[in-house]
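Hello,

I am passing the structure on to you with this email, and my notes on it follow below. Please have it open while you read.

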Amino acid sequence: MGEIALLGLEFYGRHGVRPEEGRLGARFVVDLWLRVPFEGRGDRLEETVDYAAVYALVEEVVRHRRFYLIEALADHLAEELLRAFPRLEGVRVRVHKPHAPIPGVFRDVYAETEKVRS
């Protein structure tokens, strides 16, 4: 099983529990690991997953939907990717919230989920 990674996709979104997070928004970073059976399939786009289309789907969700929890955002992205791209056998999604409203010093906060096609 092959794996394709799209790492560090950055978008401005309005996710979070606090009202100011919905009003002001912040930067979110998404990492994706896509399980695709591409070995021995040839050298055509139809044999894999179109990265530009994956990016566009993630951008649409992160920029134009509102989630209170990054956990829910990660779960929704995983479900939508599996629905939209039938060649995917599985997906791992990590959503980073580098500017989470935490009263302290931290490097990163993220939620991660992994789903496989049933």
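**What I found**

Val17 counts as exposed because its relative accessibility is 57% (exposed means over 50% relative accessible area, buried under 20%, and partly exposed in between, with a 1.4 Å probe and protein chains only). Before the rest, please note that this is a predicted model, in which local features need pLDDT of at least 70 and side-chain atom pairs count only at pLDDT 80 or more, while totals for chains, interfaces and linings use all residues. Residues are numbered from 1 along each chain as its sequence is written, and side-chain values use heavy atoms, with hydrogens and water left out.

Back to Val17: it lies in the loop between β1 (2–13) and α1 (19–24). Together with Tyr68 and Leu69, Val17 makes a nonpolar surface patch of about 330 Å². Patches are built from residues with over 30% relative accessible area and no salt bridge, joining like charges within 9 Å and nonpolar side chains (Val, Leu, Ile, Met, Phe, Trp, Tyr) within 5 Å. Accessible areas come from the Shrake-Rupley method with a 1.4 Å probe, and for residues only the protein chains shown count as cover.

**The overall picture**

The protein has three helices and four strands (DSSP runs numbered from the N terminus: helices are H or I with at least four residues, strands are E with at least two). From the N terminus on, the elements run β-α-β-α-α-β-β. The C-alpha atoms fill a box of roughly 50 × 25 × 25 Å along the principal axes. Of the 118 residues, 44% are buried. The protein exposes about 6,900 Å², and carbon and sulfur atoms supply 51% of that area. Among contacts (heavy atoms within 4.5 Å) between residues at least 6 apart in sequence, 62% join residues at least 24 apart.

The axes of helix α2 (residues 51–64) and helix α3 (residues 70–84) come within 11 Å and cross at roughly 145°. Here the axes are lines fitted to C-alpha atoms, for helices over the stretch in contact, and angles run from 0 to 180 degrees between N-to-C directions. From α2, Val54, Leu57, Val58, Val61 and Val62 meet Leu73, His76, Leu77, Glu80, Leu81 and Ala84 of α3.

Leu9 sits in strand β1 and counts as buried because its relative accessibility is 5%. Leaving aside neighbours within four places in sequence, Leu9 touches Phe28, Val29, Val30, Leu32, Tyr55 and Val58. Its C-alpha atom is separated by 10.0 Å from that of His96, 87 residues apart along the chain.

Gly13 is also in strand β1, and is buried with a relative accessible area of 1%. With neighbours within four places again set aside, Gly13 is in contact with Gly25, Ala26, Phe28 and Val62.

Phe85 belongs to the loop between α3 and β3 (90–96). At 13% relative accessibility, Phe85 counts as buried. Beyond neighbours within four places in sequence, Phe85 contacts Val49, Ala53, Val54, Leu57 and Arg117.

**Salt bridges**

How many salt bridges are there? The count comes to 10, where a salt bridge is a side-chain nitrogen of Lys or Arg within 4 Å of a carboxyl oxygen of Asp or Glu.

- Glu79 pairs with Lys115, with the closest N and O atoms 3.0 Å apart. This pair links distant parts of the chain, since Glu79 is in helix α3 and Lys115 in strand β4 (residues 110–116), 36 residues apart. Glu79 counts as partly exposed at 40% relative accessibility.
- Arg63 pairs with Glu59, with the closest N and O atoms 3.5 Å apart. Arg63 and Glu59 are four residues apart in helix α2, so they are separated by about one helical turn. Arg63 is partly exposed at 43% relative accessibility, and Glu59 is partly exposed at 26%.
- Arg44 pairs with Glu46, with the closest N and O atoms 3.4 Å apart. Arg44, Glu46 and Glu47 are linked in a network of salt bridges, and Glu46 is exposed at 54% relative accessibility.

Best wishes
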